[in-house]
Amino acid sequence: MATVTFDRATRVYPGATTPAVDKLDLEIADGEFLVLVGPSGCGKSTSLRMLAGLEDVDGGRILIGDKDVTDAEPKERDIAMVFQNYALYPHMTVAENMGFALKMAKVPKVEKEQRVREAAELLDLTQYLDRKPKQLSGGQRQRVAMGRAIVRQPQVFLMDEPLSNLDAKLRVQTRTQIAQLQRRLATTTVYVTHDQVEAMTMGDRVAVLKDGVLQQCATPRDLYRDPANLFVAGFMGSPAMNLFTLPVQAEGVTLGGHTLPVPRTVTDAVEGTVEVGIRPEHFELAGTGDGIAIEIDVVEELGSDAYIYGRTLGEDGTPGTGETVVARADWRNPPAKGDKLTLTATPEHIYFFAPADGTRLN
């Protein structure tokens, strides 16, 4: 086990005008489960491949423990990768697949078999050791791929979207197993995903990237409650935070015929407009009265949760042309499509961002 350090690590692909990863500064603690998350093309997989030695580092450096591995070959880094593609040998049994790297490293047969048995027990694969990959389900194949990494007993695990090929139910089950396994092994793990729900439920910390630049790295709770900027606020959370671009007036900002107060620090920092963010669960629903007037277009019932999707009404009460709003409703008695109601939001749950660069203002 070891720490991992990205020290202003940069990768620029030949012919590109901007870096795929731009001066990444990130320290990962010994035994930590860190998730890299962001939209396609943000640099998360490139960062992982730089750590693995599969991509060149054009600036800065990368350390595993106290060792500078920036120019080291992949085999010299003592890492193990699990990819989106299982890449199992179809003619080998589960045991042979899991022990192949040890065989190539000329590990003694008795030790190799012991490591394979131990990994199989951890992954609940003991009864499948004599089967071929075609006789396994997708989730079992992915566990075999993980077992192949575990038996090597590396300093660092690298996982590049390992659940992407699984169906929704199996993804939930397998991500729980991966998180439990990592805690039992206590091996430093860097995990890449584009799924923010996966990131929030698995990581000790989550690093959010955009356009090759690290936006924020924090615990899932801190990312959600205290986003550093507009991008992080909108990316983390499902459904996403409501974001509105509203004119700033002396008394505040107006949404759906209702005025929301704006702190003095915010009005002093912007001119003209401000980006306003409110999470769906921070709206309170009221039938009538003073508040943000909306008409409901869609009601999404999810069993233990319900969300309404609507649009704010005009000043004269006319529907259809206002801002789109998402709010959590009472799942036991949700409103109906076409209903008109009002929403309220407490000031401490309203976020403000600079329209120019998305900087958090409050």
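Reader: Which residues does Val 190 touch, not counting residues up to four places away in sequence?

Author: In this predicted model, the residues that Val 190 touches, once those up to four places away in sequence are set aside, are Ile 28, Leu 34, Leu 36, Leu 48, Leu 51, Phe 157, Leu 158 and Met 159. Val 190 itself is found in strand S8, which covers residues 188-193.

Reader: Is Val 190 buried or exposed, and why?

Author: A residue is called buried when its relative accessible area is under 20%, and because Val 190 has a relative accessibility of 1%, it counts as buried.

Reader: How far from Val 190 is the C-alpha atom of Val 4?

Author: Although Val 190 and Val 4 are 186 residues apart along the chain, their C-alpha atoms are separated by 9.2 Å. Both residues belong to a core of 28 residues, which also includes Leu 24 and Leu 158, and this core lies apart from the largest one.

Reader: How many residues has the largest nonpolar core, and which have the most contacts inside it?

Author: The largest nonpolar core has 41 residues, and Met 98, Ile 178, Tyr 191, Val 206 and Met 236 are those with the most contacts inside it. Helix H4 gives the most to this core, with five residues.

Reader: At what angle do helix H2 and helix H4 pack?

Author: Helix H2 (residues 94-104) and helix H4 (residues 138-150) pack at about 35°, with their axes 7 Å apart, and their crossing is right-handed. On the H2 side Val 94, Asn 97 and Met 98 take part, meeting Val 144, Gly 147 and Arg 148 of H4. Sorted by class, this contact has three nonpolar, two polar and one charged residues.

Conventions: Residues are numbered from 1 along each chain as its sequence is written. This is a predicted model: local features need pLDDT of at least 70, side-chain atom pairs count only at pLDDT 80 or more; totals for chains, interfaces and linings use all residues. Side-chain values use heavy atoms; hydrogens and water are left out. Axes are lines fitted to C-alpha atoms, for helices over the stretch in contact, and angles run from 0 to 180 degrees between N-to-C directions. Helices (H or I, at least four residues) and strands (E, at least two) are DSSP runs, numbered from the N terminus. A crossing is left-handed if the near helix is turned anticlockwise from the far one by less than a right angle, and right-handed if clockwise. Contact means heavy atoms within 4.5 Å. Ala, Val, Leu, Ile, Met, Phe, Trp, Tyr, Cys and Pro count as nonpolar, Asp, Glu, Lys and Arg as charged, and the others, Gly among them, as polar. A nonpolar core is a set of buried Ala, Val, Leu, Ile, Met, Phe, Trp, Tyr and Cys residues joined through side-chain atoms within 4.5 Å. Buried means under 20% relative accessible area, exposed over 50%, partly exposed in between (1.4 Å probe, protein chains only).
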